[in-house]
Amino acid sequence: MSLFWIVIRQLAYFEEAMATSKKVITREDWEKRLNDVKIRKEDMNRLVMNFLVTEGYVEAAEKFKMESGTDPDIDLATITDRMAVKKAVQSGNVEDAIEKVNDLNPEILDTNPQLFFHLQQQRLIELIRNGKVEEALEFAQEELAPRGEENQAFLEELEKTVALLAFEDVSNCPVGALLDVSQRLKTASEVNAAILTSQSHEKDPKLPSLLKMLIWAQNQLDEKAVYPRITNLSTASLENPAV
């Protein structure tokens, strides 16, 4: 049973339950109502393709296209280029990532000063990570400081990054998280979103939003009714209502 189907049914049921006192909805009645909702297979296929394209699973997208006949709304060849940029940032090769972005579309960085600053900030972080203190200070002064003078938010981020140099043991540094892998992933995600936007594609996949909608719908309905809930999103199995 599709999550999309369940979300729609739960939202409809929520509206109905709002007008009544809290009641018990049996599994039989719940499944009957769910089965009354008709969702086109083509819509579900587009939802899957949207996720594969946005997240960059090019091989899976190509296979799914052949098996389902669902055409993506973007040239699949561009996914490979986009993932190469993302991978470069995730591995700390920021200069290479910037070159690849400019090869794809130089306007992406020209029109997005925040993204360019964050990429330059990531370059500074990588220099600090590799112990290149003098090079890091020179890079910060020549490339980032001028941008910080024009933007207070940039200046604050620059100051936090440079603060890494004041600690021999970054585990005791209040901004030590900048050296975590999660910071690379954050920057890579920002670049990925910018490239998608430049290609007139949604920057976020629809499926996670759908799951959030499902959770929201269940939380709202919990206040009005006892019903078969989904507690395991990976299996989407229904649990019998606790009466």
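The structure is a predicted model, in which local features need pLDDT of at least 70 and side-chain atom pairs count only at pLDDT 80 or more, while totals for chains, interfaces and linings use all residues. Residues are numbered from 1 along each chain as its sequence is written, and side-chain values use heavy atoms, with hydrogens and water left out.

Q: Why is Arg184 called buried?
A: Buried means under 20% relative accessible area, exposed over 50%, and partly exposed in between, with a 1.4 Å probe and protein chains only; Arg184 has 14% relative accessibility and therefore counts as buried.

Q: What makes the pairing of the Arg184 and Glu126 side chains a polar contact?
A: Such a contact is a pair of N or O atoms within 3.5 Å, where, within protein, one must be able to donate a hydrogen and the other to accept it, and residues adjacent in sequence count only if both atoms are side-chain atoms; the side chains of Arg184 and Glu126 are joined at 2.8 Å.

Q: Which residues does Leu207 contact, leaving aside its neighbours within four places in sequence?
A: With contact meaning heavy atoms within 4.5 Å, Leu207 is in contact with Leu47 and Phe51.

Q: What is the handedness of the crossing of α9 and α10?
A: The crossing is left-handed, a term used if the near helix is turned anticlockwise from the far one by less than a right angle, with right-handed used if clockwise.

Note on methods: Helix = DSSP H or I, 4+ residues; strand = E, 2+ residues; numbered from the N terminus.
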